[in-house]
Amino acid sequence: MAVPKAAVALRHVKSVAVRFCPFQTNVETTRIFLERVNSKKARASNINCVVTTDVRHDGSEPVVDIMFADGDRLIMKGANLTAAEMLSAFNSRCIAKDLKAEEKTKKKSA
Amino acid sequence: MAAAALCCRGLCRTGWLPTLQIVRYAKSVTRHWKAMHFERQKLMAVTEYIAPKPAIPEKCVTPYIRAIKEENGYAKLLRRQVTETFRDSKMIAVCQHNFIPSEEMLLMKHRLRKHNIHVKFFPNEIVRPYLSVSKYKNLLPLFVGCSLMLVSPEIKAKEMLRILKNVPQINLLGACIDNTILSNQGVVNYSNLPAMEIIQGQVVGTLSLLASQTCALLHHSPVHLTALLDQYIKEQSGGAGETDGKAGEGQAELGPAKSSVGL
């Protein structure tokens with residue numbers, strides 16, 4: 001499964017909380033997402049974004065909880081998702097927020 | 001060209017001369033492919049070689065032998081290193097490796113090296129086949145994605161946890177300490193355990209406590225009985241002394257009374 005190499009941008013993200021149990025077999029995609037979010041470019045895009053990792057051993061499902069700067073919250077349960085799907089869902093929301101921010105700036109300038 | 005030239009000379013005034021005939025396509029050796037004469041073509045087609053076909057085609061008879069890919073020498077070296085690492089280490093911790101700046105990585109490696117803990121990176125394609133065959137089968141789910149191993153011939157869980165706390169990019173997933181697979185919380189609990197000598201002393205103390213309690217229990221009832229008997233004797237002797245005294249007093253009282261009565 002090829003994961004797209006596009007960089008993850010954390011510009012509009014306040015915090016990312018990843019919770020998973022590493023001894024389960026459905027954790028691969030969540031771990032790949034975590035690596036992407038912790039990549040050099042992603043960290044450089046927003047230094048103030050807090051990425052926390054909670055490693056448990058209670059058989060719980062892997063969950064990614066993203067809190068955006070404008071109060072929105074994205075919860076992804078990675079048990080049956082692929083890494084590409086998680087990244088595309090996250091990126092689509094970031095792009096939508098980018099467009100909103102651009103419209104606001106245009107309105108303000110106009 | 002020469003024929004054309006000859007033809008021109010011939011045609012100069014007197015007209016067409018029968019001795020000089022225009023022969024078209026006279027050259028047999030041409031620079032381009034020239035079609036054979038039709039009869040020659042027919043002959044060639046008829047006399048074409050037809051190779052004899054075997055009754056059973058060779059594809060059906062001979063088995064398809066796949067060329068055995070020789071293993072890369074580097075892969076062999078890595079596999080040997082993995083085997084040696086797992087054999088010589090008492091503590092093996094598996095961590096999730098996110099991006100970490102090179103200076104921080106160097107510092108972390110230096111701090112771990114002080115406690116004789118080595119940081120190892122192996123590709124999952126090498127480690128997973130080895131683990132599936134060895135006794136560390138239950139560590140297989142940890143080796144997914146980008147992971148690194150912290151190995152040490154000694155068990156220094158507390159120091160390792162203290163150093164990893166300062167590096168938020170490296171997340172401890174699990175460990176195999178002293179042939180026991182532990183989770184993150186298990187490693188924390190293990191690090192909080194006291195030293196072996198203290199635990200041994202506590203066990204010895206608990207066992208000897210039972211034995212000493214038995215001894216005390218056995219002695220308890222006779223000791224109690226003797227104490228009670230002593231108390232009783234004291235009371236008895238104290239009471240007899242009082243009664244003698246009282247009897248003496250009574251007699252002394254009776255004496256004057258008798259004397260008074262006698263008078």
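Reader: How many bridges link strand E3 of chain A with E4(A), and in which sense do they pair?
Author: This is a predicted model, and in it strand E3 of chain A covers residues 63-68. One facing pair is Val63(A) opposite Lys77(A), which sits in E4(A). E3(A) and E4(A) pair in the antiparallel sense, and the number of bridges is five.

Reader: Which strands of chain A stand at the edges of the sheet?
Author: Start with the order: this open sheet of four strands runs E2-E1-E3-E4 in chain A, with mixed pairing. The edge strands each have a single partner strand, so one side of each is left without a neighbour in the sheet. That picks out strand E2 (50-55) and strand E4 (73-77) of chain A.

Reader: What angle does the direction of helix H1 of chain A make with that of E1(A)?
Author: Helix H1 of chain A takes in residues 28-37 and packs on the sheet. H1(A) touches E2, E3 and E4 of chain A as well as strand E1 (13-20). Its direction and that of E1(A) make an angle of about 150°.

Reader: Which residues touch the most other members of the largest nonpolar core?
Author: That core has 44 residues, with members from chains A and B among those that stand out. Leu131(B), for one, touches residues including Phe86(B), Leu140(B) and Phe143(B), leaving aside residues up to four places away in sequence. The names to remember are Val16(A), Phe33(A), Ile66(A), Phe90(A) and Leu131(B).

How values were computed. Residues are numbered from 1 along each chain as its sequence is written. Chains are lettered from A and ligands numbered from 1 in the order in which they are written. This is a predicted model: local features need pLDDT of at least 70, side-chain atom pairs count only at pLDDT 80 or more; totals for chains, interfaces and linings use all residues. Side-chain values use heavy atoms; hydrogens and water are left out. A nonpolar core is a set of buried Ala, Val, Leu, Ile, Met, Phe, Trp, Tyr and Cys residues joined through side-chain atoms within 4.5 Å. Buried means under 20% relative accessible area, exposed over 50%, partly exposed in between (1.4 Å probe, protein chains only). Contact means heavy atoms within 4.5 Å. Two strands pair if DSSP finds at least two bridges between them. Helices (H or I, at least four residues) and strands (E, at least two) are DSSP runs, numbered from the N terminus. Axes are lines fitted to C-alpha atoms, for helices over the stretch in contact, and angles run from 0 to 180 degrees between N-to-C directions.
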